[in-house]
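Hi there,

Here is the structure I promised to pass on to you. Have it open while you read, and my notes on what turned up in it follow below.

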Amino acid sequence: MTYTNFTIETDADGIALVTWDMPAKSMNVFTVEVLDEIDRIIDETVADAAVKGVVFTSGKSSFSGGADLTMIKGMFAMIATEKASDPQNAVQKLFDAAGRMTWLWRKIETNGKPWVSAINGTCMGGAFELSLACHGRVAANAKSVKIALPEVKVGIFPGAGGTQRVPRLANAQDALQMMTTGASLTPARAKAMNLIHQVVEPDQLITAAKQMIKDGLKPVAPWDEKGFKVPGGGIWTPASAQLWPAAPAILRRETAGNYPAALAILKCVYEGLQVPFETGLKIEQRYFTQVLQTTEAFSMIRSLFVSMQELGKGARRPAGQPKTEFTHVGVVGAGFMGASIAYVTAAAGIRVTLIDRDIEAATKGKSHSETLVAGAIGKGRMTREEGEKLMALITPSADYASLSTAGLVIEAVFEDRDVKKAVIEAVEAVLPEGAVFASNTSTLPITGLARNSKRPADFIGVHFFSPVEKMMLTEVILGEETGDRALAVALDFVAAIRKTPIVVNDTRGFFVNRCVFRYIHEAYDMLLEGVPAIMIENAAKMAGMPVGPLSLNDEVAIDLSQKILKASVADLGEASVDPRHLRLINTMVDDLDRRGRKNGKGFYDYPAKPAKKSLWPGLKEMFPQKKADAVDITVIKQRLLVTIALEAARTMEEGIVTDPREADVGSILGFGFAPYTGGTLSYIDGMGLKTFVALCETLAATYGDHFKPTPLLLDMATRGDTFYSRFDPYGAVERAA
Ligand code: NAD
């Protein structure tokens, strides 16, 4: 029999090597066709008496990334259309679809012949669940092998037997930890958890897998053997009495009850361990069907899986522009940002010239990479050779002439129009024809900066976030005259350094900072009202934000807030800022020298380590404090999320952001906007425009006009639109409101 996605070679010992290698795909993923073929492979190998066992592996450098986007999109489309006409049948269909992998993997487990999964590279989600259903699991001892059940990160959970097999192999606490965080395991850790049998050198992988079969591997899962005991003895043991009462509380502390999928994992494990294995699978299938119907799952999968991949693959790249392969990039300004930009560029294998005012400053910038490389080598994340290769790619210099072969130059010099003007002129004097100039400015409009350029069509903003090494997002800013080629080059660069881009039209603060400062300003309002700072910070976390607004302000620096407020007054007039905010910030910076984390005092105090930061008690004296029970925590949570979401809606209304995927992904990757919502616009779509508008009106009545719904929102509410229908990125309605 022949297959599109698999080859089968049976050796003289009767071991069939099934190699998964999907044509025209860089990674193996599960599609309906792949599942059908696996089904046929099971039948074929069972029927063939010459086959004694099966080794299942991948022909790609990775094993598999899990499910395919189109399959997941198809499931949601099915729920949306069928639910409207026949809700009960729709749920039944969803239940059946949710069980497809579950029972196919079970078929592998009970086929009667031993199967061994040979994990040669990254093995995620459904692919690891398939491996768990095999009777043996061998992984290659390589850095590239990462094993994970990461579904919870996109709002679902391991629903193809993962919640039943993992806690029957590993102890319950490790199992819960792995699945509720979605964390990646190294092969060694997976072996220590009892999730795989062997870790061998990569060139021994197939031999070792075959050897397991030759050594008489039993084609029976441990839980199908008589007398099987769950590790640690199951739910009703003294050890479990320590774990289970605390587990929901710990989960609540970590997730504030915002993630239905995480809670479902707990339920699947707790209930599943008390029943026979197949009943456990049914329990899992039911919870999975339930979770698939939540707004959280829909929105998270759309933003964190589908849109993120689409943007990463160049969804906004202008058509007809040839792809740029970067051989040489210039970075001007070797300070805090420039030094990191040079590092991520070299880490992508691109030669970088790092320029500063003198060679000492440029060399100091390069030393940042030295520190990072040394750290990575120390942690075993990089070999010494890789580190040396990376360092050799960075050349510090004070000579602009060395930029004459660069295809792209990024400036990260002081945030000062005159300094930037001089740099633009100096770079353009040597830059080759067709090369692109990018500014990393965070506050200066690109159109204004481009006025200093002789070739504004090749001038663009590429706005990084700190710490550059960790932050996945990059804003690409279009000036009025920026051309398509510059956009394509910028997007190719962002892809080369493996970050996710959003394309934003020029505006003060671009997208991310406009939203972030709304969040921070709402906290200023709350302080002025006398809301205890601790309640503001905790409410933010309960709403799903990773960092409270006051803590965030300390991180970005309070004097930066002051600079931005003052610049707004200078450029746009007094009315553009709230004078009470300016007074608060002037007091913090000018009178109290509280500038944030960088000088050890801001809204928080930062004592020497190991002591932890704590809210500055002086805040209580600055504002008469409300009693805790006079503060409605639900309203505080709403205000913090709504003010950000409203700002995101404004950027769409103004045409600053044009694609809802970018507002959603940008808000999650840029500042961690409550990921369970799927991002700022999915938050609005998720509750429905009518509800959102009503909420804005209620908040506006008490907390100010900045909560008033905008004309666009009012219109959308009247028409029954959503952001994804009105600004449909695919040109077709994906899901009714
Ligand atoms: P920084 O002060 O740490 O670094 C600026 C560097 O530019 C210094 O090393 C300085 O010597 C060098 N420089 C100044 N004039 C120069 C010239 N004429 N030629 C060559 N080098 C020159 O500043 P930073 O925080 O790295 O910020 C740099 C830029 O990045 C600014 O535009 C800032 O708005 C933007 N930005 C900063 C952040 C952040 O978190 N700090 C985030 C995003 C964007």
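Helix α16 gives the most to the shell around the ligand, with 3 residues. Please keep in mind from the start that this is a predicted model. Three elements, namely α13 (336-347), α16 (417-428) and β16 (459-464), each supply at least two residues of that shell. In total, 22 residues surround the ligand, and the closest are Met337, Asp356, Glu415, Lys420 and Ser442. If you sort the shell by residue type, you get 11 nonpolar, 7 polar and 4 charged residues.

Which atoms of the protein come up to oxygen atoms of the ligand? In the side chain of Lys420, an N or O atom is 2.6 Å from an oxygen atom of the ligand. Ser442 places a polar side-chain atom 2.7 Å from a ligand oxygen. Val413 takes part through its backbone: one of its polar backbone atoms is 3.4 Å from an oxygen atom of the ligand. On its own the ligand has 830 Å² of accessible area, and the protein covers 78% of that.

Next, the aromatic rings. The model has 21 aromatic pairs. One of them joins Phe6 and Trp20, whose rings are stacked, with 5.9 Å from centre to centre and 20° between the planes. This pair links distant parts of the chain, since Phe6 is in strand β1 (residues 6-10) and Trp20 is in strand β2 (residues 15-20), 14 residues apart. Are these two residues buried or exposed? Both Phe6 and Trp20 are buried. They also belong to a cluster linked by ring pairs, made up of Phe6, Trp20, Phe30, Phe56, Phe63, Trp105 and Trp115.

Another pair to find is Tyr524 with Phe603. The ring centres of Tyr524 and Phe603 are 6.3 Å apart and the planes meet at 40°, so this pair is tilted. Here too, distant parts of the chain are linked: Tyr524 is in helix α19 (residues 512-529), while Phe603 is in the loop between α23 (579-591) and β19 (604-605), 79 residues apart. Why does Tyr524 count as buried? Tyr524 counts as buried because its relative accessibility is 0%, and anything under 20% falls in that class. Phe603 counts as buried too, again at 0% relative accessibility.

The charged end of Arg302 sits over the ring of Tyr724, 3.4 Å from the ring centre. In the other example, the charged end of Arg639 sits over the ring of Tyr703, at 3.8 Å from the centre.

Now for a couple of single residues. His135 is in the loop between α4 (126-133) and β8 (136-140). With 7% relative accessibility, His135 counts as buried. Its side chain reaches the backbone oxygen of Glu109 at 2.8 Å. Ile119 is in strand β6 (residues 115-119), and this residue is buried, with a relative accessible area of 0%. From Ile119 to Lys146 there are 27 residues in sequence and 9.5 Å in space, C-alpha to C-alpha.

Finally, some details of the backbone. The peptide bond from Ser466 to Pro467 is cis, with omega near -5°, and Pro467 is in the loop between β16 and β17 (473-478). The bond from Lys609 to Pro610 is cis as well, with omega near 10°. Pro610 lies in the loop between β19 and β20 (614-615).

Where would you look for a positive phi in a residue other than glycine? Asn194 is partly exposed, with a relative accessible area of 43%. Then try Arg498, with phi near 60°, in the loop between α18 (484-496) and β18 (500-505). Arg498 has a relative accessible area of 58% and is exposed, because the class begins over 50%.

Best wishes

Definitions and conventions: Residues are numbered from 1 along each chain as its sequence is written. This is a predicted model: local features need pLDDT of at least 70, side-chain atom pairs count only at pLDDT 80 or more; totals for chains, interfaces and linings use all residues. Side-chain values use heavy atoms; hydrogens and water are left out. Rings of Phe, Tyr and Trp (its six-membered ring) pair if their centres lie within 6.5 Å; planes under 30 degrees apart count as stacked, over 60 as edge-to-face and the rest as tilted. Helices (H or I, at least four residues) and strands (E, at least two) are DSSP runs, numbered from the N terminus. Buried means under 20% relative accessible area, exposed over 50%, partly exposed in between (1.4 Å probe, protein chains only). A charge sits over a ring if NZ of Lys or CZ of Arg is within 6 Å of the ring centre and within 35 degrees of the ring normal. A residue is near a molecule or strand if one of its heavy atoms lies within 4 Å of it. A polar contact is a pair of N or O atoms within 3.5 Å; within protein, one must be able to donate a hydrogen and the other to accept it, and residues adjacent in sequence count only if both atoms are side-chain atoms. Accessible areas come from the Shrake-Rupley method with a 1.4 Å probe; for residues, only the protein chains shown count as cover. Ala, Val, Leu, Ile, Met, Phe, Trp, Tyr, Cys and Pro count as nonpolar, Asp, Glu, Lys and Arg as charged, and the others, Gly among them, as polar.
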